[in-house]
Amino acid sequence: MRRKVKASWLAWILCGAVAIATVAGISGELANSAGQDNWLAFAASLMFRLLPLEFALVAALILARQPRNAIGWLLLGPASLGPLTAIAESILLGVTEAAPASTVPLLLAVWFDGWAWLLLIFPILLIPLLFPTGRPPSPRWRWVVVYALVLASIFVGLGSLTRKLTPVNVPAAWSVENPLGIIPDYTFFERYLLTPWLLGLGILTVLCVAALFVRYRRAAFVEREQIKWLWYACAVFGVVYMFGLPIGGEEQYGLLLDIWNLCFNLSLMAIPAAIAIAILRYRLWDIDVIIRRTLLYAALSGLL
């Protein structure tokens, strides 16, 4: 009981911190949008700002009821990405020098900016492996969790050893000297170290998806309904993502690109929502009706 209370309090405290960071981000967005006519782009940006808060809220709800469920703890990774990224960006955007001094806050901000995306990617990859119970399908799959942790540690470790650290998510024409650097430059890192690592990441993706199929084949009726929710949300996200591949980030697509950005963020928000419905079992059995209607409307739209 004490562990449940501690987990719940920790999750709700983080949720509050993420809410404060989200309000601050949205306030800044509103201040910068004065006179802006592109409301679709503005709405897409707001959806992206709300994404960490949704992850935090779902994590808090799950941990309040099931503190031992690893899915709730995994969701805290994407949730913490919002406030941590905001802190790092505030430091990086404050640099105006062409060759800034290697201070500790600046080094930590640039270092975190280089691997922050792992807080989103690895939890999302591990969720299919552990969904919905928070454990692998069988003890034989536990090594995949260890493999994922080793893979993430390798990327963070290698990225921490380049001689120069350059911001990734913030436009900057400068870099700082890394006192721990032994890898010559980022080109060497990308050519000889990053490519094998990406291959390992692809293997991890295949293993995690395969684990969900294995679990579904062995699962009872209730667990199968829970897995269907995750499948449905991931399928919607995959379809939206595939439609966006031809247009990419090309500005000449204009309105079409803005619509896709909005749909992409909404489809991404559907994943934690589906996880909450599946694990908390709120309207769990509605998924079959939703799937049938989606297939019917998709077929009718295709015919039209």
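## A walk through a predicted helical model

L76 is placed in helix α3. Helices here are DSSP runs of H or I with at least four residues, strands are runs of E with at least two, and both are numbered from the N terminus. This is a predicted model, in which local features need pLDDT of at least 70 and side-chain atom pairs count only at pLDDT 80 or more, while totals for chains, interfaces and linings use all residues. Residues are numbered from 1 along each chain as its sequence is written, and side-chain values use heavy atoms, with hydrogens and water left out.

L76 has a relative accessible area of 11% and is therefore buried. The term buried means under 20% relative accessible area, exposed means over 50%, and partly exposed lies in between, with a 1.4 Å probe and protein chains only. Leaving out residues up to four places away in sequence, L76 touches L14, A59 and L63; contact means heavy atoms within 4.5 Å. A59 is 17 residues from L76 along the chain, and the C-alpha atoms of the two are separated by 6.2 Å.

The protein as a whole has 10 helices and two strands. Along the sequence their pattern is α-α-α-α-α-α-β-β-α-α-α-α. Of the 304 residues in the protein, 39% are buried. Among contacts with a separation of 6 or more, 70% join residues 24 or more positions apart. The protein exposes about 17300 Å², and carbon and sulfur atoms supply 69% of this area. Such areas come from the Shrake-Rupley method with a 1.4 Å probe; for residues, only the protein chains shown count as cover.

Next comes the interior. A nonpolar core is a set of buried Ala, Val, Leu, Ile, Met, Phe, Trp, Tyr and Cys residues joined through side-chain atoms within 4.5 Å. The largest one has 66 residues, and those with the most contacts inside it are I71, L75, F122, F131, L204 and I275. Helix α7 (residues 186–218) gives the largest share of this core, nine residues. I71, with neighbours within four places in sequence set aside, is in contact with I62, I127, L130, F131, P132, G134, I275 and I279.

Two of these partners of I71, F131 and P132, are joined by a cis peptide bond, with omega near 0°. P132 sits in the loop between α5 and α6. Helix α5 itself is largely enclosed by the rest of the structure, because 10 of its 13 residues are buried. These are L118, L119, F122, P123, L125, L126, I127, P128, L129 and L130. The end C-alpha atoms of α5 are 18 Å apart, which agrees with the 18 Å that 13 residues should span at 1.5 Å a residue. The expected span is 1.5 Å times one less than the number of residues in the helix.

Helix α4 (residues 104–115) has 12 residues and reaches 17 Å from its first C-alpha to its last, close to the expected 16 Å. Its buried residues are L106, L107, A109, V110, F112, D113 and W115. What covers them includes α3 (70–92), α5 (118–130), α6 (142–159), β1 and β2.

In helix α9 (residues 255–280) lies S267. Its relative accessibility is 3%, so S267 counts as buried. Beyond its neighbours within four places in sequence, S267 is in contact with V236, F237 and V240.

Charged pairs are the next topic. Side chains of opposite charge can pair when their charged atoms come close. A salt bridge is a side-chain nitrogen of Lys or Arg within 4 Å of a carboxyl oxygen of Asp or Glu, and a search of the whole structure finds two. In one, K164 and E177 meet at 3.9 Å, N to O. This pair links distant parts of the chain, with K164 in strand β1 (residues 164–165) and E177 in strand β2 (residues 176–177), 13 residues apart. K164 is partly exposed at 48%, and E177 is partly exposed at 47%. The other bridge joins K228 and E225, whose closest N and O atoms are 3.2 Å apart. Both lie in helix α8 (residues 221–244), three residues apart, about one turn of the helix. K228 and E225 are both buried.

The surface also carries a nonpolar patch of W12, L57 and L61, with about 250 Å² of accessible area together. Patches are made of residues with over 30% relative accessible area and no salt bridge; like charges are joined within 9 Å, and nonpolar side chains (Val, Leu, Ile, Met, Phe, Trp, Tyr) within 5 Å. L61 belongs to helix α2 (residues 39–65) and is partly exposed, with a relative accessible area of 34%.
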